[in-house]
Amino acid sequence: WRSYLEALFDDLAPSVAGIRERAASRRFCASTRVDPDLGRSLESLTLGEPFQDAEGFACFSRAAIALCALSHPGVPTLYAVSTEPPELMCAKLEGSTLREVCRGLRDGDHATARQFALVRLLSELSRLCAVLVETHREGFVHRAISLDAVVVGGFGDVYLRDWWYAQ
């Protein structure tokens, strides 16, 4: 079932031409910062300099619009947007990507297997579906769901990130 889960997410990715290639190009960089006023951890998402073209700015704009409009516990909270340089400041997501979980399970990591039993993984997928239903209800389609775009937290929280190709 572990490899089935990986295959399922590979199949869920849309067949829109080039989305996977663009997502894999790592044109967007993430780093952690600390808010100097509140002391909270933030994730800084920047548009890499070589990709500051019309397509890159369109992706940046789509992500900013989606994150501003979506108010759901499964979508990262957007705190600030800057256009010079292009940067989104979001809540830092604590947890593991679904890819990290699948790799740990595939590689026989006992800690991962204890933490992510099949029942819990199915529950997390159900929560992910709830996030998708709500975002679709709000008129947004993610278009780049992958194992790396899903973050599973330690307390049953599931986040969908990487909104660069949202429509």
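Predicted model: local features only at pLDDT ≥ 70, side-chain atom pairs only at ≥ 80, totals over all residues.
User: How many salt bridges does the structure hold?

Analyst: Some of the salt bridges involve two residues, including the one between Glu134 and Arg137, while Arg120, Glu124 and Arg127 are linked in a network. For the structure, the number of salt bridges is 8.

User: How far apart in sequence are the parts tied together by Glu87 and Arg33?

Analyst: Glu87 forms a salt bridge with Arg33, and the closest N and O atoms are 3.1 Å apart. Glu87 belongs to strand 4 (residues 86–91) and Arg33 to strand 1 (residues 28–34), so the pair ties together parts whose separation in sequence is 54 residues.

User: Where in the chain do the partners Asp148 and Arg99 lie, and how many residues apart are they?

Analyst: The side chains of Asp148 and Arg99 meet in a salt bridge at 3.0 Å, N to O. Asp148 sits in the loop between helix 6 (118–137) and strand 6 (150–152), whereas Arg99 is found in helix 4 (residues 98–106), and the pair thus links distant parts of the chain, 49 residues apart. As for accessibility, Asp148 is partly exposed at 24%, and Arg99 is partly exposed at 22%.

User: Which helix holds both Glu134 and Arg137?

Analyst: The side chains of Glu134 and Arg137 form a salt bridge with an N to O distance of 3.0 Å. Glu134 counts as partly exposed at 21% relative accessibility, while Arg137 counts as exposed at 60%. The two residues are 3 apart, about one turn of the helix, and both lie in helix 6.

User: Which residues are closest to the centre of the second largest pocket?

Analyst: The second largest pocket has a volume of about 190 Å³. Of the 16 residues in its lining, those closest to the centre are Val75, Pro76, Thr77, Leu78 and Ala91.

User: How many residues of the lining of the second largest pocket are nonpolar?

Analyst: Helix 3 (54–69) and strand 3 (78–83) each contribute at least two residues to the lining of the second largest pocket. Divided by type, the residues of that lining include 2 charged and 3 polar, and the nonpolar residues number 11.

How values were computed:
Residues numbered from 1 in each chain as written. Heavy atoms only, no water. Salt bridge = Lys/Arg side-chain N within 4 Å of Asp/Glu carboxyl O. Helix = DSSP H or I, 4+ residues; strand = E, 2+ residues; numbered from the N terminus. Buried < 20%, exposed > 50% of the residue type's maximum accessible area, 1.4 Å probe, protein only. 1 Å grid on protein atoms, 1.4 Å probe; cavity = no way out; pocket = protein on both sides within 12 Å on 5 of 7 lines; lining within 4 Å. Points joined across faces, edges and corners; volume = space filled by probe spheres on them. Nonpolar A, V, L, I, M, F, W, Y, C, P; charged D, E, K, R; others polar.
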